[in-house]
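Please view the sequence and structure below before reading on.

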Amino acid sequence: MTAKRLRIIALLAISTVFLLAWAFPILWSVLNSLKTDSDVLAYPPKLVFAPTLEAYRDVLFGSGSILPNLLSSVIISVGTTIVTMLMAVPAAYALARLRFRGKKFAGFYVLATQMLPPVGIIIPYFLVLRNIGWIDTYQGIILIYLSFSLPFAIWLLVSYFEDIPFEMEEAAYLDGASRLKTLWRIIIPQVRGGIAVTIVFVFLNAWNEFLFAVVLSGNTVRPVTVAMFNFVSVEQTLWAKLAAVSVLAMLPVVVLGVVAQKHIVKGLTVGAVKGGGRR
Amino acid sequence: MPSFTPTRRTLLKTGTAAAALATLGPAFLRQAAAQDADLAPYKAAQIDWQQVSGETITVAVIPASYFENLITLAPQFKALTGIDVRFEKIPPAQIRQKSVIDLTSKTGTYATHAADPMYYALYAANKWVEPLDTYLADKSLTDPAWFKLDDIIPAWRSANGIDGKLYGMPYDGEVTIQVYRKDLYDAKGLKPADTLEAYMSNAAALNTPNDRVWGAALRGVAGAGQNMYIYPSIFREFGGDWMKGGKLTVNGPEAEAALAWYIDIMKKYAPTAAANWNWPDIADAFSQGTVASYIDAHSSASVINNPEKSKVIGKVGYARWPKGPSGKRTTSIWNWGFPINAALPEKKRKATWLFIQWAASAETQARTAHKFAGPTKRSGVNRTSVWKDPDYIKLMNGFGENFVEATMGALQEDTDVDWRPRVPQWPAIGDTMATAIQSALSGQATIKAALDDAQRRIEPMMRG
């Protein structure tokens, strides 16, 4: 009994340490976002201070408001997620179930696109978008994001589809359902956990993207990750405002994470025990 | 690659510019009146400002108050010329990347951009930008008697020139000077250092980490615009020469002595964290009273005089760089200049030139500085005549003792075009040197080994 209790205490202590290491930067951001610029610089760091929402007021409603940037981020991330899922679900299903020539190659090709270092393709992307006049447009950025979110989503979804026993589909066919109807009514409800996980990851990747956004965006379309950078200016770093924007930019992600938590945990564990099913 | 003034917003909130600027209260109304779209001073130029009316150009700038002030005046430019200017604000690290992509691909996205003086060699070698001489010589585009090119600070013009040709028109710039806590120096009977040796002993005298006061701080973080912004001055002051027998040389006895001095002061008298500091961190620390002196851009004066953050207002003095063993003082030649993108069609290039001429003119410089109605004034105006304007001097001296003298002295006597090696390979060379300096500072390599290694890495770059 004591040994067990000791073990629990030890585990708790270890997990607390890890949790703190993870939570510290976030807590620090939240604290700084509630401080004035002079409190941010105070030494020793003030843990007790008069909290103010000034930084939030400034970044939301001041002259350099980031509201348009948050909107840009939402449009880009939601747009990318919707288009990705519309294309990735049928593609992943095809790769998991159908027999066709070049299937192996197609599967490898999807994975291979993930192996390119993104920075290597940034100039070709810039030129392509420039030539079709899509620099600084939503469609341009979403199109580029698709090029890495799509393979990722397909690759993730294939494993979920492969997990479903083929017999379930057979049963549907025997009952006279068409392939599409089977996909829609039988298969998709089975993998909704996997789909939720994929949605979350695709959304997060698009929301947090910086490298492509900074080069391919401009005055019209500027996601929050890029706008945030302007608080680190050559003149000075506006720590309180930077922290406030970071917290605001984190919020949708945190909300999404909490909502989808159940699916994510399930999705990750499902992924952990399979693998034998992949061909 | 640094600069100035408290942000517009922080100042708007306090309602005054830096404490000193507040004394100008009554002058405020006059300035506001001068702000209206009075175009007469521009129309005195014997050129047709409206010659390419209807054009639209895009200008990339960094988010900084000196460009904000210019953006505020853009409607006046539109009224004068009929040209629309779209401004795009891009963070300093990315503006280089984006403008180089634009220039290499010849897409002509940015008619002009806030350019780094170290990049002109690269730009000119590839003919990405046009020499401005053609535009300056064209009587239909420029009235030399009105524009007065010679009035623009010569050091910055030569920094932006290659083989005697001007490629970027300086708009705003800075020099490096000594900034020190006058109260602490006075208490110990110290004077701002005249030599690097004295700077070291001053730092030693004031270094009391137990009271959270360190003797000095210099930029420590690795980067072509960070530690390689401050080290080149020391290198030159120790008699270093980037070109030895036509070969770019970064090692040798002068380099070793210079790096030894830098590491010595950083290790003994700077906060440990300064090894990772860039200039805003240094200015923040100084404004909190924990650093007795630093050498950095004169423009940081506005940060350490920001009434919202600073605890040292009224306790600051300025002086030029201490002399090195060679007897020289060497300051930076940093400025943001405007080049003309060669990929543009002719009419747009003309529109761009008119914009550059307007932005760099004495009138616009004054209207964005002491005559600016908003609270943030510029400390990096490009013209000697503005630096001699009593109104401007009064404003600048609000930053502390000897500010204008130190800055002007540095600008007129301490500048050195060969402050950093001006070769097209600079971006890569700057990074290599930056890494070498930091590895020596952190003790990963000895001074000699770090420099010899940098030399080995740089040689193939110069061949290729």
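Which residues of chain A does the UniProt annotation "transmembrane region" cover?

## Basis of the model

The model is predicted: local features need pLDDT of at least 70, side-chain atom pairs count only at pLDDT 80 or more, and totals for chains, interfaces and linings use all residues. Residues are numbered from 1 along each chain as its sequence is written, chains are lettered from A and ligands numbered from 1 in the order in which they are written, and side-chain values use heavy atoms, with hydrogens and water left out.

## Chain A and its annotations

According to the unreviewed UniProt entry, the "transmembrane region" annotation covers residues 70-96, 108-128, 140-161, 182-204 and 238-260 of chain A. The entry, also unreviewed for this feature, places "domain: ABC transmembrane type-1" at residues 70-260 of chain A. UniProt positions are given in the numbering used here, feature names are shortened, and annotations may be inferred rather than shown by experiment.

Chain A contains 13 helices and 0 strands. Helices (H or I, at least four residues) and strands (E, at least two) are DSSP runs, numbered from the N terminus. Residues 70-96 of chain A are 100% helix and 0% strand, with end C-alpha atoms 37 Å apart. For residues 238-260 of chain A the values are 96% helix and 0% strand, and the end C-alpha atoms are 33 Å apart. The C-alpha trace of chain A spans about 70 × 70 × 30 Å along its principal axes.

## The antiparallel sheet of chain B

In chain B, 3 strands form an open sheet in the order β11-β8-β12, with antiparallel pairing; two strands pair if DSSP finds at least two bridges between them. Strands β11 (293-297) and β12 (316-319) of chain B stand at the edges with a single partner strand each, so one side of each has no neighbour in the sheet. Neighbouring strands of this sheet are turned by 30 degrees against each other on average, direction ignored.

Strand β8 (residues 176-181) of chain B pairs with β11(B) over 5 bridges in the antiparallel sense, and B:Thr176 has B:Ala297 in β11(B) as its bridge partner. Helix α13 (residues 227-237) of chain B packs on the sheet, touching β8 and β11 of chain B, and its direction makes about 105 degrees with that of β11(B). Helix α21 (residues 403-414) of chain B also packs on the sheet, touching β8 and β12 of chain B, at about 155 degrees to the direction of β8(B). Contact means heavy atoms within 4.5 Å; axes are lines fitted to C-alpha atoms, for helices over the stretch in contact, and angles run from 0 to 180 degrees between N-to-C directions.

## The parallel sheet of chain B

Another 3 strands of chain B form an open sheet in the order β2-β1-β3, with parallel pairing. Strands β2 (84-89) and β3 (112-113) of chain B are at the edges, each with a single partner strand, so one side of each is left without a neighbour in the sheet. Strand β1 (residues 56-61) of chain B is joined to β2(B) by 6 bridges, and B:Ala60 stands opposite B:Glu88 in β2(B).

## The cavity

The structure holds 1 cavity of 30 Å³ or more. On a 1 Å grid over the protein atoms alone, a cavity is a set of points where a 1.4 Å probe fits but cannot get out, and lining residues have an atom within 4 Å of a point. Grid points are joined across faces, edges and corners, and a volume is the space filled by probe spheres set on the points. The largest cavity has a volume of about 30 Å³.

Its lining includes B:Arg96, B:His113, B:Asp116 and B:Trp336. Helix α6 (residues 92-104) of chain B contributes the largest share of this lining, 3 residues. By class, the lining has 6 nonpolar, 2 polar and 2 charged residues; Ala, Val, Leu, Ile, Met, Phe, Trp, Tyr, Cys and Pro count as nonpolar, Asp, Glu, Lys and Arg as charged, and the others, Gly among them, as polar.

Methods. On a 1 Å grid over the protein atoms alone, a cavity is a set of points where a 1.4 Å probe fits but cannot get out, and a pocket is an open set with protein on both sides within 12 Å along at least five of seven lines; lining residues have an atom within 4 Å of a point.
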